[in-house]
Amino acid sequence: MGKAAVVKAFREIRAALAVLLAEVDGCGTEPFSVADPLAGLADGCLDVLAGVREVEAGVAGLKAKAAVGYAESAGAVTGAGVPVVAQEMAVAAEVGCVLALGPRAASSFLGTSYAVVNSLPRTLAALQAGLISWGHAVVMADEAASLDAAGAAALEAHFLDPDAPDPVRGCAVGELPAHRFRANARSWRERHHGESIEKRHAKSVADRRVEYRQDRDGMAWLGAFLPADQAAAGWNRLTAISRGAQGPGETRTLTQLRADTFAGAILGGGSVAADGIAGGAGHAAGHGPGSGPGTRTNDGVRDGAGTGDEADLPRSPIRAQVLVTVPVFSLLGLTDEPAVLDGYGPIPPSMARQLVANGAGSFYRVFVDPRDGAPLEIGRTSYRVGKAMRNWLRMRDGKCPFPGCSNSSLDTEADHILAWADGGTTGISNLGQPCPKHHRLRHTTGWKPTPASKTDPPGWTSPAGRHYHSEHQDWEPTKWPPGFVDHDRTAPELERAEPRPPQRVPFSVADLSRIDYSLAEACLDRILHPPSA
């Protein structure tokens, strides 16, 4: 068939597009609904959108295979006489011209296509089936690039194989926007990379820098590549100070206030009236979510981090909270399991220990299920959501639970799913924490949250009656120190075995000298010597 078959297939595709366009325009052969044509058309347009998403994914898979097929065929035709680099440039140039892409975009597309077609079979299959988008495939290729073959296969299986030993929790990958999938895939990669996160961080921290980029209309970009704890603390501090400046007489948006606060701080001469609020540079002292038995710290940001002219900057009394969840064995230096910084993801355990040692004023003892890392239930009988429960919600949800929203848990508002006036209780299973935007959406439109549980945030039902799942925290089972407990032995083996003596925890880590270990030891005692039934 050859070219004739290709021409015929595309002719049929164009004919199908014409039919769909007529349906969307309300000019189809029959209405979507005779009883209510307008409502039927609205629902029909949503059906078309859902179908287009699947078809676009299949077309993206086809495009990737066609690009790889061309590259391999062209290379074979050219022969071995052409230098490899020159051949790659020639192929990228041809593909770029056909797809109207620039050289860099064409090379990037070819690189991702090679990875998906030749190294990521589950990703290609999901793409061709319309289960994920090309954006998801790009994320998978990016995160798998630094993993070996076994690691890349495990990454694919975790997110794309529902029968895997540790499948992803919550909604399917294809139901997440690609940017949210990138956050989850990055977190998985950080925990499972063959090289220790401590070593990788030590290499990356040497690349810290500030970048300046010109833009149009008299504007420019100024950004910094920093260790995650400093960047997160700075962002949360900017947000807290900017929120504090909002009021009836303030016309600037939160986004504008952040920019003015940032400019005032680095220039050293801002004011509320003119340039915004100038605040001292912040440094994190508290921190984010992990797996296993954990010690959660909750504290503010220290003023005056760093050296230089910060003494001349106005000080703000606002303390921007940051949470970190540190697996207790990692906190004590017995394992290298990453901690998790709220709103960011996995961080090196040494960074978490330093954050705790340098300013954590309080600890929240959190027991989690060692089988999957999920937190346990707590509850209250009053309407008011207390501080401990708010922190628990933050650990359960990680961010605003509305699909696709990336607002971190520091920017959310506790909300009863079933209203208190209607008999709803103030317990974890009846609480959500939407961001202000989606909190308003819930109470001013037909969008409604669905029931939550102690470990799962609420989903959402749209005004059209369609249900959308929330993104769930991707907890993992506890990583135990070798030989520390009997978690790897069966019940019959435990019955026959001699009891092991209690094991003491070493406290020789220098940067932990300021930590009160009473809560951590209590947590370990609970694990090693559980109370009898």
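This is a predicted model: local features need pLDDT of at least 70, side-chain atom pairs count only at pLDDT 80 or more; totals for chains, interfaces and linings use all residues.
Me: Buried or exposed: which one is D217?
Reply: Residues are numbered from 1 along each chain as its sequence is written, and side-chain values use heavy atoms, with hydrogens and water left out. For the label, buried means under 20% relative accessible area, exposed over 50% and partly exposed in between, with a 1.4 Å probe and protein chains only. D217 has a relative accessibility of 71%, so it counts as exposed.

Me: What is the phi of D217, roughly?
Reply: Most residues other than glycine have a negative phi. D217 lies in the loop between β1 (209-214) and β2 (220-225). D217 isn't a glycine, yet its phi is positive, at about 60 degrees.

Me: And where does A100 lie?
Reply: A100 is another non-glycine with a positive phi, about 55 degrees. With 69% relative accessibility, A100 counts as exposed. Its spot is the loop between α3 and α4 (103-119).

Me: How many helices and strands does the protein chain have?
Reply: The elements are DSSP runs numbered from the N terminus: helices are H or I with at least four residues, strands are E with at least two. Counted like that, the chain comes to 17 helices and 14 strands.

Me: What share of the chain's residues is buried?
Reply: The chain has 533 residues. The buried part of them comes to 41%.

Me: At what angle do α2 and α3 cross?
Reply: Two packed helices are described by the angle between their axes and the distance between the axes. Axes here are lines fitted to C-alpha atoms, for helices over the stretch in contact, and angles run from 0 to 180 degrees between N-to-C directions. The axes of α2 (residues 37-78) and α3 (residues 84-99) come within 10 Å, and they cross at roughly 140 degrees.

Me: What word describes how α2 and α3 lie to each other?
Reply: Angles under 35 degrees count as roughly parallel, over 145 as roughly antiparallel, 65 to 115 as roughly perpendicular and the rest as oblique. With a crossing of roughly 140 degrees, α2 and α3 are therefore oblique.

Me: Which residues of α3 make the contact with α2?
Reply: Contact means heavy atoms within 4.5 Å. On the α2 side you'll find K63, Y70, A71, A74, G75 and T78. On the α3 side, the residues are Q87, V91, E94, V95 and L99.

Me: Roughly what angle do α2 and α4 make?
Reply: The axes of α2 and α4 come within 9 Å. That pair is roughly perpendicular. The crossing angle is roughly 100 degrees.

Me: How many nonpolar residues are in the contact of α2 with α4?
Reply: Ala, Val, Leu, Ile, Met, Phe, Trp, Tyr, Cys and Pro count as nonpolar, Asp, Glu, Lys and Arg as charged, and the others, Gly among them, as polar. The α2 side includes A64, A67 and V68, and the α4 side includes F109, L110 and V117. Besides 2 polar and 3 charged residues, the nonpolar ones number 8.

Me: Which residues of α7 make the contact with α6?
Reply: The axes of α6 (residues 134-144) and α7 come within 9 Å and cross at roughly 145 degrees. From α6, the contact takes M140, E143 and A144. From α7, it takes A152, L155, E156, F159 and L160.

Me: Which residues does H158 touch?
Reply: H158 is found in helix α7 (residues 149-160). With a relative accessible area of 3%, H158 is buried. Not counting residues up to four places away in sequence, H158 touches D166, P167, V168, W188 and D474.

Me: What about L441, which residues does it touch?
Reply: L441 is found in helix α15 (residues 436-444). Its relative accessible area is 22%, so L441 is partly exposed. Leaving out residues up to four places away in sequence, L441 touches F402 and W447.

Me: What is the mean pLDDT of the protein chain?
Reply: Of the chain's residues, 73% reach 70 or more. Over residues 376-383 the pLDDT is below 50, and over residues 499-517 it is below 50. The chain's mean pLDDT is 77.

Terms used: pLDDT is the predictor's confidence in each residue, from 0 to 100.
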